[in-house]
Amino acid sequence: MLDTLTTRMLTLIQELREGKERHPALYDKFERAREGLLRETKNYRLDVPYEVANYNSRLVMEENVWYLDDYVDLMEGEYAEKDPLTMEQCANVAEACLTGRLKVNALCMGNIDEQGAREVTNVISKHFLQPSVPLHDSELPRFRSMMLPTKEEAIKIFGPEIVKERFPVKYQELAVSESEENNAVEVTLQAGAEAILGYEGLAMVDLIAHMAYNSAYNQLRTKEQLGYVVSAFTRKVAGGGWGLSVVVQSSTASPIVLEERIENWLKLYRQELGEMDPEEIAMEAQGVVSQLREGDTKLSQEVSSVWNEISATEGNNERMTTPAFDRLERLADELILKKEGSMSLTLNGNPRKTAAELKDRLLEIFDQVYAVDAPQRRVISARVFSKNSKEEYDATLQQPGVLSSYSDMRYLKEFLSTWPLAPYWSKVGQEPLSNAPQ
């Protein structure tokens, strides 16, 4: 069956190359697929505002992100009419991808033995690897995460007036749909890169986000009733950047007001953490441990978990390409407290903490990267204005640090560095966050 399927993939390429005249039915399918892709791409801008805000923040925080409008321009409009997408072009790209310069990773799981896995490998090798040449390590794509500027660094980009701004970087957009009544804001605070955080730092980031969700929901949704969509969660972007995202979507409050309320909540949350009993934080940590240790219940989930660990090493130096299949267990182990009188270490070799030490470490990280006056605070606010808020959108375009186009975003990136790519299971670079190079 696999041999038949892969053979058909290659014959289909040949049929695409032969064109419309030889294969009119295939041409009709190709046109429907192209129109469906165009419609799907354009409709993304009609998605709910908080989803659009999430995409827009990615545009800034990831080094290489395809801009949706670029996709549309290739399929519709003046340039698409001059150089329309054809079946022949599709065939050439598909052939280059499948039989050109390749590097292949494979995973066989489930009801298959070693012999079966080798047979699968032979089929793939015959159809794709033998006609191809190896893709060298230097040619592999590198996905990097941008390091957002601190307020001090933002002065060099936007000028001294940025000091008065709540957030140095704001990416804003006007909702495309005329009927959209909701505004949305996603505030993302960067904590650092995997190489700097290590297992211990990532465990703290997870714990802060775990407790932040209930706190943000209670304050911004229940008490202030800003909107039905309120969330706080751990945010990871391509390239190994981690942090905390806070999302609010509202039909009653503008993005500027939402930013103000999110900032006020961050102050309240810091106060809550400071007043919490260490044993209460320890109980919350145990909840995170339980979540991390939840086993997969379906083969598809297990395959996905294992494959994610394999693909996470793609592009790394050969000294860092061993997948961390025990990653979640090691991450959870950082939140297991030491027993009274013991001096045990975690699986990663870090000293276990008491409840009081866990709280102190939590506050140390929060005060360094998340707090309103944190010295290493790196934050972006992604705003989406409804049509009803267009006047405010226009009025804020000239604010310092406001980006409103792909060109603006690329301008900002000219000033930014990227986080290191080394994974957190690498022993190199795992310094305590407070001692990490700034």
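**Strand β4 and its partners.** I began with β4, which pairs with strand β7 (residues 378-385) in the antiparallel sense over seven bridges. For pairing I went by DSSP, which has to find at least two bridges between two strands. In this pairing L189 stands opposite V379 in β7. β4 also pairs with strand β6 (residues 241-250), again in the antiparallel sense, over ten bridges. There I found A193 opposite G241 in β6.

Is β4 buried or exposed? Eleven of the eleven residues of β4 (residues 183-193) are buried, so the strand is largely enclosed by the rest of the structure. My cut-offs: buried is under 20% relative accessible area, exposed is over 50%, and partly exposed is in between (1.4 Å probe, protein chains only).

**Ground rules.** I am working on a predicted model, where local features need pLDDT of at least 70 and side-chain atom pairs count only at pLDDT 80 or more, while totals for chains, interfaces and linings use all residues. Residues are numbered from 1 along each chain as its sequence is written, and side-chain values use heavy atoms, with hydrogens and water left out.

**The chain as a whole.** I noted 16 helices and eight strands; these are DSSP runs (helices H or I, at least four residues; strands E, at least two), numbered from the N terminus. The C-alpha atoms fill a box of roughly 75 × 60 × 40 Å along the principal axes.

Of the 438 residues, 44% count as buried. I also looked up contacts (heavy atoms within 4.5 Å): among those between residues at least 6 apart in sequence, 76% join residues at least 24 apart. The chain exposes about 23200 Å², with carbon and sulfur atoms supplying 51% of it; areas come from the Shrake-Rupley method with a 1.4 Å probe, and for residues only the protein chains shown count as cover.

**Salt bridges.** How many salt bridges does the structure hold? I get 29, each being a side-chain nitrogen of Lys or Arg within 4 Å of a carboxyl oxygen of Asp or Glu.

K126 forms one with D3, the closest N and O atoms being 3.0 Å apart. K126 lies in helix α7 (residues 114-129) and D3 in helix α1 (residues 2-18), so the pair ties together parts that are 123 residues apart in sequence. K126 is partly exposed at 41% relative accessibility, and D3 is partly exposed at 30%.

R118 and E114 also form a salt bridge, at 3.0 Å between the closest N and O atoms. Both lie in helix α7, four residues apart, about one turn of the helix. R118 is exposed at 53%, as is E114 at 54%.

R352 and D333 meet in a salt bridge too (3.0 Å, N to O). R352 is in the loop between α13 (327-333) and α14 (355-370) and D333 is in helix α13, so this pair ties together parts 19 residues apart in sequence. Both R352 and D333 are buried.
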